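Subject: Structure handover and findings

Hello,

Here is the structure we discussed, with its sequence.

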Amino acid sequence: MNEKISRREFLKITSIGGSLILISTQLPLSETLLKEITTEEAEKLKVKASEVKTYIRNLSLLGSPRLNASTCAVDVKNGRILRIRPLHLDWKYDPKEFNWDLWKVKAANGKEFQPPLKTLPAYYAIAFKQRVYSPARILYPLKRVDFDPEAPPDKRNQEKRGESGFVRITWDEAFNIIEKELRRIRDLYGPAALLCQGDGHGESKTVHARGGIIQFWGRCKGWGGNVILSRNPDSWEGWYWGAKHVWGMDGNMGIMYPKTNTIVDFLENGELALFWGCDPETTPNGHGPAQLASVVCFWLREAGKRVIYVCPDLNFGAAIHADKWIPVLPNTDIALHLAIAYIWITEGTYDKKYIETHTYGFEHFKKYVLGEEDGIPKTPKWAEQICGVPARTIKALARVWAKHRTSTFHSNGGPYIRGPYATEPARTEVYLLAMQGVGKPGVKQIQMHEWGLAGYPLPYSKIVPSTSGLARKTVARTRPIIAKTLYHEAILNPPISWYGDVAAGSPVQNQFEKYQYPEPGYPEVRVIWIETPCWTTCWNGGFKMIDAYRSKKIEFIFCQHQTLENDALFADVLLPVTTTFENDIDIMPDTCSQLGLLFIQYRCIEPLGEAKSDAEICEELAKRFGFLDEFMMGLKSHEEIARKAFETSGVAELISWEELLEKQYVVCPTDPDWRNAKPEPFDWYYNLPEGKGLNTKSGKIEFYAQWLAEYFPDDWERPPVAHFIPYGETHQESLLHPRAKKYPYLMVSNHHRWKEHACHDENAWLREIETFKIKGPEGFHYQVVWIHPIDAAKKGIKHGDIVMIYNERGTTMGAAYVTERIIPGAVSQDHGARINIISFKDRIDRGGANNLICPEKTTSKNAAGMAVSGFLVDIKKVDLAELMAKYPEAFKRKMHPIYDMYLDTYVVG
């Protein structure tokens, strides 16, 4: 009987999945939702939909084999990606198999919360197809057109890197050049003349490796050991270099650790959520909990929690979730903190008993706040002149905070903690939490970023899957190293020295250990091997780094990547790399979603052009140098490596290898006792009769950092007690400094909502969003710059105008987005654009990569973090005709009407 059935009924009888009906019928969404079909038509659709194959992929761009939450289902037909969508966890499992009903949280108002039964991937993950098929993809090996590998090392036109184009070569030619250069520099200088620029910012893979596989290659015994570019705890500078000295917290970045069940604790016990200098609707999107953080923010509202955002901009999270937005000038949050402390001290509304039993040195901080140290009481009126927040608002915030169980919320660092002297507000935030008894139920510091809803490891999963034990990057760190924030200085102005390994997770005592480059007995860097080319977009002082790439001292640069962006443009040889969709087999965990996942990543599509995976490139070079077996860890194939990762993942007791290959994924069950997961999030410390056990000299929370006083007694940029430091020897990035007369605006540089650093900057779908790009009159798509109407009027700038943002370090460009969502006195341009240099001589970038003009120096004198937000700039409207006449060659470059720079922009012939 040929009966009519609804779409919903069709979904019940088909195993294909609702999203594929839209593909099969090729009808608009609205029409498909309403259309009734016959059972006969349904059978035909089932046959048609069965031609679609579905694969699982982790599409995070953090690059880690564990800290990801962008697991997706990828639908492929006839060798092409059709669409990317969330993975429904019950695709091949009954939720009862992983105890889904046990994962519930009940808030104080009686509301119950449970995450959806599907993954919540990043926005860009759903649009990843556009990056795969982008005209900016590198499809075959390339050589810089004016690079002659036979020329003497100082006569290779290094000064033209980034300026001259590329020509196509074969893989044999590319490998031969690279092998010859590597052998030459090893024989002439030693293996440590090779610097491997690998990083965590890249596609998430295990077998085919996250960022850092080339560092493993360089550390193989067959090579002999390369220089390690030690990555700083970027986006966590203030906590890592500052807060660690208050409460230790060596488990991670200086933030409150462990973070287990902090959200659960707040839902049950907290009253006021202070989101400080962050945007949970944006920053976790790229990796970590992705949109799970957004779900939690909605939970807070439903649970009746009061939510206040303190930040320079009414960002996406604030616009959606805030009961009140308190705009504050960038890099002045510490003044607001000090004024809050002043109210509490003078009104007696802080936890005196906790301060007496659980902290050390409070009297030093109290003297500073009351003005007994410097004659300046840190009153709300004093703070108002600095941070722009009215004194009455400061008083109200202080009093409501003191009356309610309050937690501070963060989603990654945000501009609040990534500016000059960010160590100081990071410390005063912990001071304020301590003054209200941090560790008390509902009084915590809550990070919604990398480690998912409850902190890593997720207590909800009975098993936490991990392939880290097998990841090639787990080779022990070796010296020599270069602090990544001093990369440009190491090349341009050696010798250099600094304090601290700078790698995240190092104990606080390491910050007093001195390092130098070059180390005795080791050469300077002569060859750079780039795997993740995002330095000029992600770190400090990018124009200085461009000078380093173009230095004659660097005899050879080669890069492997998917697209022509940023640092890749400075390579002498470029190698095309597959995307994660094109690799033969891989295995990935996801420990930041609702439950732990482990899944097989089969090849979805054939490699585009002549692309090879990162692993395959390293394998070929390892083979040529005679240590392929070491690189492969004694295993013979990628499938063997994947199986070994499975055997060490902790999941083997749940599923066999054969069943995993068939089902593609496994969901780890909820621990029935997850509510009692240990250790508690700092409750243990609060519950002690007297504080002890922290990694500080006293074992307590230290308002007076004894180790800083002991090791750096003369460092007034990071003194034993946190101080308001508007400017000093290292930085002069303050509206209180005379430089502000020339550069009167503070730059806010957030992470981008729609992309991960420069990755997806070229994504055609995302470019349709106005807050992503605005198309200029000549057709180029400009990075958006937020400016307040008051400031725009002063500068004669209208919405959509093309503008320059500049200081003495250089210029970048953008399109004005005139809005009251930014505080007057500040401009905001998200970081992460592809660079497009108009003039190397005049240091002008068209792309909007504002890291090019941020401070070149570190967080402070002895804190080797980066300062990439809260710096001084000026802004002006651009006369495009005048600019085009002055730099005609830059504007004559071939440009794609949608993607701007693409392969033909740079490839000659």
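Predicted model: local features only at pLDDT ≥ 70, side-chain atom pairs only at ≥ 80, totals over all residues.

An open sheet is formed by 5 strands, in the order β14-β13-β12-β16-β17, and the pairing is parallel. The edges are taken by β14 (324-326) and β17 (445-447); each has a single partner strand, so one side of each has no neighbour in the sheet. On average, neighbouring strands of this sheet are turned by 25° against each other, with direction ignored. One of the pairs is β12 (residues 272-276) with β13 (residues 306-310), which run in the parallel sense and are joined over 5 bridges. Within that pair, Leu 274 stands opposite Ile 308 of β13.

The buried residues are Leu 292, Ala 293, Ser 294, Val 295, Val 296, Cys 297, Trp 299 and Leu 300. The elements covering them include three strands of the sheet above, β12, β13 and β16 (406-410). Also among the covering elements are β7 (112-113), α10 (262-269) and α12 (316-321). Just after α11, Gly 304 takes a positive phi of about 80°.

Pro 380. This residue lies in helix α16 (residues 380-387). Pro 380 has a relative accessible area of 5%, so it counts as buried, the cut-off being under 20%. Leaving out neighbours within four places in sequence, Pro 380 is in contact with Ala 339, Tyr 342, Ile 343, Ala 391, Ile 394 and Lys 395. Its C-alpha atom is separated by 37 Å from that of Ser 506, which is 126 residues apart from it along the chain.

Asp 761. This one sits in the loop between β28 (745-748) and β29 (773-775). Is Asp 761 buried or exposed? Asp 761 is buried, because its relative accessible area is 2%. Its side chain makes a polar contact of 2.4 Å with the side chain of Lys 755. Not counting residues up to four places away in sequence, Asp 761 touches Lys 755, Arg 767, Phe 772, Lys 773, Gln 783, Gly 832, Ala 833 and Arg 834.

Regards

Conventions:
Residues numbered from 1 in each chain as written. Heavy atoms only, no water. Helix = DSSP H or I, 4+ residues; strand = E, 2+ residues; numbered from the N terminus. Buried < 20%, exposed > 50% of the residue type's maximum accessible area, 1.4 Å probe, protein only. Polar contact = N/O pair within 3.5 Å; in protein donor to acceptor, adjacent residues only side chain to side chain. Contact = heavy atoms within 4.5 Å. Pairing = 2+ DSSP bridges. Axes fitted to C-alpha atoms, helices over the stretch in contact; angles between N-to-C directions.
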